[in-house]
Amino acid sequence: MATHFRLDGLLFSNDAQVLVVMNQILNKFSIETEVCGELGSALEVVTHRRLDTVVVDWEHADDPTRIVRATRKSSPNSNSTIVALVNPGSETRALLVGAHFMIHKPADIDHAGRCMRAAYGTMLQNRRRAARVLVDIPVTVRVSELGVVEARISDLSVGGLALQCDQSLGTNSDVLATFALPGSSDLIHVTGRVVNVNDRGRAGVRFSCVSEDDLDILENWLAIELAEMEKVEMPTDYADIYID
């Protein structure tokens, strides 16, 4: 069964040229990106969503420093990779606030691609600490107050998983699940708690108990999947300009 790493990002800009160039590049790197042109919606995303990268147009009319600072204060995003789109003269300010990489405006596809290539390497390093892999694993789970529920695991990490169910699960519900990893006959037994849900049947579960043996199996499997992603999923267009 094929698996796929999912990277998530935010693009904060209302510059039409920036949006065209950056969306094209982010798509090449398979980064699922939410585009925000308003400060309020961007702050909501960086506060409540787990993001691998935040790309900020430093010339936006709203104060871009608020986006970076909110990202740094958000527990799931304190280590997110920050990329700033800057005009000459804005570089120092962007670095001081916390940008890791800079793309000079007007952004062109080659320069922006080289910068995002380097930023992508940093994202992968962070992923080694909290890798989340897209999967499609059928599973029968036992949920407090609901009993047995048929579901599918849609993504998986060392600290939790996402369930896709036909019925909604309640936040803070306790979950017991047993499943086999793709390509393995070993069964993983986990207990956890539902920490977030949406109206489309998705439930995020944070593990509360996993045995040492099962954790070793899961960590080793995730490490192999990450290594495969690094070899296969890096866009070949930029292979000659990647620097380790």
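Me: Let's start with N172: does this residue count as buried or exposed?

Reply: Burial is read from relative accessible area (buried is under 20%, exposed over 50%, partly exposed in between, with a 1.4 Å probe and protein chains only). N172 comes out at 53% relative accessibility, so N172 counts as exposed. Before we go on: this is a predicted model, where local features need pLDDT of at least 70 and side-chain atom pairs count only at pLDDT 80 or more, while totals for chains, interfaces and linings use all residues. Residues are numbered from 1 along each chain as its sequence is written, and side-chain values use heavy atoms, with hydrogens and water left out.

Me: Okay. Where is the place of N172, and what is its phi near?

Reply: Helices (H or I, at least four residues) and strands (E, at least two) are DSSP runs, numbered from the N terminus. N172 sits in the loop between strand 9 and strand 10. Its phi is near 75 degrees, a positive value in a residue other than glycine. E145 also has a positive phi, near 80 degrees, without being a glycine. You'll find E145 in the loop between strand 7 and strand 8, and at 81% relative accessibility E145 counts as exposed.

Me: Zooming out, how many helices and strands does the protein have?

Reply: Six helices and 12 strands. As for burial, 46% of the 244 residues are buried.

Me: In what order do the five strands of the open sheet stand?

Reply: Strands pair if DSSP finds at least two bridges between them. Here the order is 3-2-4-5-6, with parallel pairing. Strand 3 (31-36) and strand 6 (101-104) are at the edges with a single partner strand each, so one side of each has no neighbour in the sheet. On average, neighbouring strands of this sheet are turned by 20 degrees against each other, direction ignored. L10 stands opposite E34 in strand 3.

Me: Which strands does helix 2 lie across?

Reply: For angles, axes are lines fitted to C-alpha atoms (for helices, over the stretch in contact), and values run from 0 to 180 degrees between N-to-C directions. Helix 2 (residues 39-48) lies across strand 2, strand 3 and strand 4 (53-57), at about 160 degrees to strand 2. Helix 3 (residues 64-73) packs on the sheet too, touching strand 2, strand 4 and strand 5 (81-86), and its direction makes about 165 degrees with that of strand 4.

Me: Which residues are buried in helix 3?

Reply: A helix has a repeat: an α-helix has 3.6 residues a turn, so residues three or four places apart point the same way. In helix 3, the buried ones are P64, T65, I67, V68, A70 and T71. They pack against strand 2, helix 2, strand 4, strand 5 and helix 4 (91-97).

Me: What does S80 contact, leaving aside its neighbours within four places in sequence?

Reply: Contact means heavy atoms within 4.5 Å. S80 is in contact with L51, D52, T71, R72 and H100. S80 lies in the loop between helix 3 and strand 5, yet at 3% relative accessibility S80 counts as buried. The side chain of S80 also reaches the backbone oxygen of L51 at 2.6 Å.

Me: Last one: which residues form the aromatic pair?

Reply: Rings of Phe, Tyr and Trp (its six-membered ring) pair if their centres lie within 6.5 Å; planes under 30 degrees apart are stacked, over 60 edge-to-face, the rest tilted. The structure holds one such pair: F29 and Y120, tilted, at 5.0 Å centre to centre with 40 degrees between the planes. F29 lies in the loop between helix 1 (16-28) and strand 3, and Y120 in helix 5 (residues 109-129), so the pair ties together parts 91 residues apart in sequence. Both F29 and Y120 are buried.

Definitions and conventions
Polar contact = N/O pair within 3.5 Å; in protein donor to acceptor, adjacent residues only side chain to side chain.
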